[in-house]
Every structure is written in C-alpha cells, then in structure tokens.
Amino acid sequence: MAEGRTNTAIAVALVITEAAVAKHINRIFAKLQLSVDDTTHKRVQAVLTYLRQ
C-alpha cells in the first residue's frame, strides 16, 4: 500500500484474493483509528501514520 499499489496489485504480489487485501486494509484503517469522512484519503493517512512511527 505504501508503494502506491492497488488492491489488485497487492493481491497478485501476495497471491491472495482482493477481498482478503480489502479486509486487511480495513483492519489497518481501524487499528490506526483513521477518520471515516470523505474529505481525506485513508491510504495516504495510513502511510503517513506508519512513517511517523
């Protein structure tokens, strides 16, 4: 995700389904307590949060 890959590209690289990728990404968002509004890009927020640690 931090490399800018789509769910499809991540799924292919990890040899898992897109649904599994989506499930894991949603869990990451929840764990990071990212906002639910439509004004921010959650993937960018997640990467920035990761980089700050």
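Let me begin with a word we will need: a residue counts as buried when its relative accessible area is under 20%, and as exposed when that area is over 50%. Please also keep in mind that what we are looking at is a predicted model.

With that in hand, let us turn to helix H2, which runs over residues 18–31. This helix has 14 residues and reaches 20 Å from its first C-alpha to its last, close to the 20 Å expected at 1.5 Å a residue. Which residues of H2 are buried? They are Ala-20, Val-21, Ile-25 and Phe-29, and the buried residues of this helix pack against two others, namely helix H1, residues 7–14, and helix H3, residues 42–52.

Now to the contact between H1 and H2, whose axes lie 8 Å apart and which pack at an angle of about 110°. Because angles from 65 to 115 degrees count as roughly perpendicular, H1 is described as roughly perpendicular to H2. On the H1 side we find Asn-7, Thr-8, Ile-10 and Ala-11, and these meet Glu-18, Val-21, Ala-22 and Ile-25 on the H2 side. By class, this contact has 5 nonpolar, 2 polar and 1 charged residues.

Some of these names return in the largest nonpolar core, which has 7 residues in all: Ile-10, Ala-11, Val-21, Ile-25, Phe-29, Leu-34 and Ala-46. H1 and H2 each supply at least two residues of this core, and the largest share, 3 residues, comes from H2. As a general remark, in soluble globular proteins nonpolar side chains tend to be buried together.

Next, the backbone, where most residues other than glycine have a negative phi. Val-15, found in the loop between H1 and H2, has a positive phi, near 55°, and Gln-33, which follows H2, also has a positive phi, near 55°. Is Val-15 buried or exposed? Val-15 counts as exposed, because its relative accessibility is 73%, and the cut-off for exposed is over 50%.

Finally, Tyr-50 lies in helix H3 and is exposed, with a relative accessible area of 58%. Tyr-50 and Leu-32 are 18 residues apart in sequence, while from C-alpha to C-alpha they are 9.0 Å apart in space.

Notes. Residues are numbered from 1 along each chain as its sequence is written. This is a predicted model: local features need pLDDT of at least 70, side-chain atom pairs count only at pLDDT 80 or more; totals for chains, interfaces and linings use all residues. Side-chain values use heavy atoms; hydrogens and water are left out. Helices (H or I, at least four residues) and strands (E, at least two) are DSSP runs, numbered from the N terminus. The expected span of a helix is 1.5 Å times one less than its number of residues. Buried means under 20% relative accessible area, exposed over 50%, partly exposed in between (1.4 Å probe, protein chains only). Contact means heavy atoms within 4.5 Å. A nonpolar core is a set of buried Ala, Val, Leu, Ile, Met, Phe, Trp, Tyr and Cys residues joined through side-chain atoms within 4.5 Å. Axes are lines fitted to C-alpha atoms, for helices over the stretch in contact, and angles run from 0 to 180 degrees between N-to-C directions. Angles under 35 degrees count as roughly parallel, over 145 as roughly antiparallel, 65 to 115 as roughly perpendicular and the rest as oblique. Ala, Val, Leu, Ile, Met, Phe, Trp, Tyr, Cys and Pro count as nonpolar, Asp, Glu, Lys and Arg as charged, and the others, Gly among them, as polar.
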